Amino acid sequence: MIQFPISGVETYWWLPIVVAFAISCMTSMSGVSGAFLLLPFQVSILGFTSPAVSPTNLIFSIVAIPSGVWRYTREKRMVWGLALIIIVGSLPGVFLGAVIRIRYLPDPTSFKLFAGLVLLYLAVRMGLDLARKSEARDSVPVASSLFKVTILSFGLKKVSYEFNGATYNASVIGLIALSFIVGIVGGTYGIGGGAIIAPFLVVVFRLPVHSIAGATLLATFATSIAGVAFYTLIAPFYADTGLTIAPDWTLGALFGIGGAAGMYVGARLQRFLPGKVIKAVFLLCVLFIAVAYLYGSFACV
């Protein structure tokens, strides 16, 4: 076993790689890096409870995401305009979320309550979407030339594209507003926001999960870089407070190595699974973590 001095974690060197691979392989199909599941593993299993766990989790996303983005781009399923809108809306929120995490949620009990409520709301919305009657957007044309994104328009009012024989539109203003809120939550939680924006795009904006995965991963990558930079820059100002804020780069990199492999495999397999299956797996993961976090926070009261 080895010890990571910044986080204080002591574990086997291969454990972060294996755990990150399994999580990312499963969640990258939904356009999510897996950071939202990796964070509770660090907090509850590895005992990494200081605010530094948030930027460490963001490092995982920075290292892991490029392989998934490359795969979705290669398969021509990247909605570049959608990714840009999410990035523009999320970045200011990420900085605000980092401040909230440090100043108002440094205690692990409060942090678990906050994270649990966010994830529970996410699970409810996903559950409601799954309960609806199956739609064409949840089908998977395994060997179809239609299974790629064709951008129709991208302006100040809306982004429009064609996918799987259907046309989809989304309001730019609505996306920016949602992305800002998601950025705040993502910056606080240390997940880059992908785990929250992806289901909202599917449930609220009615966009097919097979078409938005690449864009949400790319946006998460960009906001994760901003989040890590911000945490690193402000860490010296909190050196005398006893709070560990700077990320554990070594631990984050090990998680990222496993995540990169998992991202590629998950992105490669996504087209062969129906949207309902992908969302059902995502829902179960989110619900499990939400219940565990809420139970843990109330048990400490």
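Helices and strands here are DSSP runs, numbered from the N terminus. The model is a predicted one.

**Stop 1: the E4–E5 loop.** Select Asn-164. This residue sits in the loop between strand E4 (158–163) and strand E5 (166–171). Check its backbone: phi is positive, about 55°, although Asn-164 is not a glycine. Asn-164 is partly exposed, with a relative accessible area of 21%.

**Stop 2: the H7–H8 loop.** Go to Arg-206, in the loop between helix H7 (194–203) and helix H8 (209–234). Arg-206 is not a glycine, yet has a positive phi of about 60°. Its relative accessible area is 25%, and Arg-206 is partly exposed.

Stop 3: Now pick Leu-201. Leaving aside residues up to four places away in sequence, Leu-201 touches Arg-206, along with Leu-82, Ile-86, Leu-175, Leu-207, Ile-212 and Thr-216.

**Stop 4: H2 against H3.** Show helix H2 (residues 35–45) and helix H3 (residues 53–74). They pack at an angle of about 135°, with axes 10 Å apart. H2 and H3 are therefore oblique to each other. The crossing of H2 past H3 is right-handed. On the H2 side, select Ala-35, Leu-38, Leu-39, Gln-42 and Val-43; they meet Val-53, Thr-56, Asn-57, Phe-60 and Ser-61 of H3. Color this contact by residue class: six are nonpolar, four polar and none charged.

Conventions: Residues are numbered from 1 along each chain as its sequence is written. This is a predicted model: local features need pLDDT of at least 70, side-chain atom pairs count only at pLDDT 80 or more; totals for chains, interfaces and linings use all residues. Side-chain values use heavy atoms; hydrogens and water are left out. Contact means heavy atoms within 4.5 Å. Axes are lines fitted to C-alpha atoms, for helices over the stretch in contact, and angles run from 0 to 180 degrees between N-to-C directions. Helices (H or I, at least four residues) and strands (E, at least two) are DSSP runs, numbered from the N terminus. Angles under 35 degrees count as roughly parallel, over 145 as roughly antiparallel, 65 to 115 as roughly perpendicular and the rest as oblique. A crossing is left-handed if the near helix is turned anticlockwise from the far one by less than a right angle, and right-handed if clockwise. Ala, Val, Leu, Ile, Met, Phe, Trp, Tyr, Cys and Pro count as nonpolar, Asp, Glu, Lys and Arg as charged, and the others, Gly among them, as polar. Buried means under 20% relative accessible area, exposed over 50%, partly exposed in between (1.4 Å probe, protein chains only).
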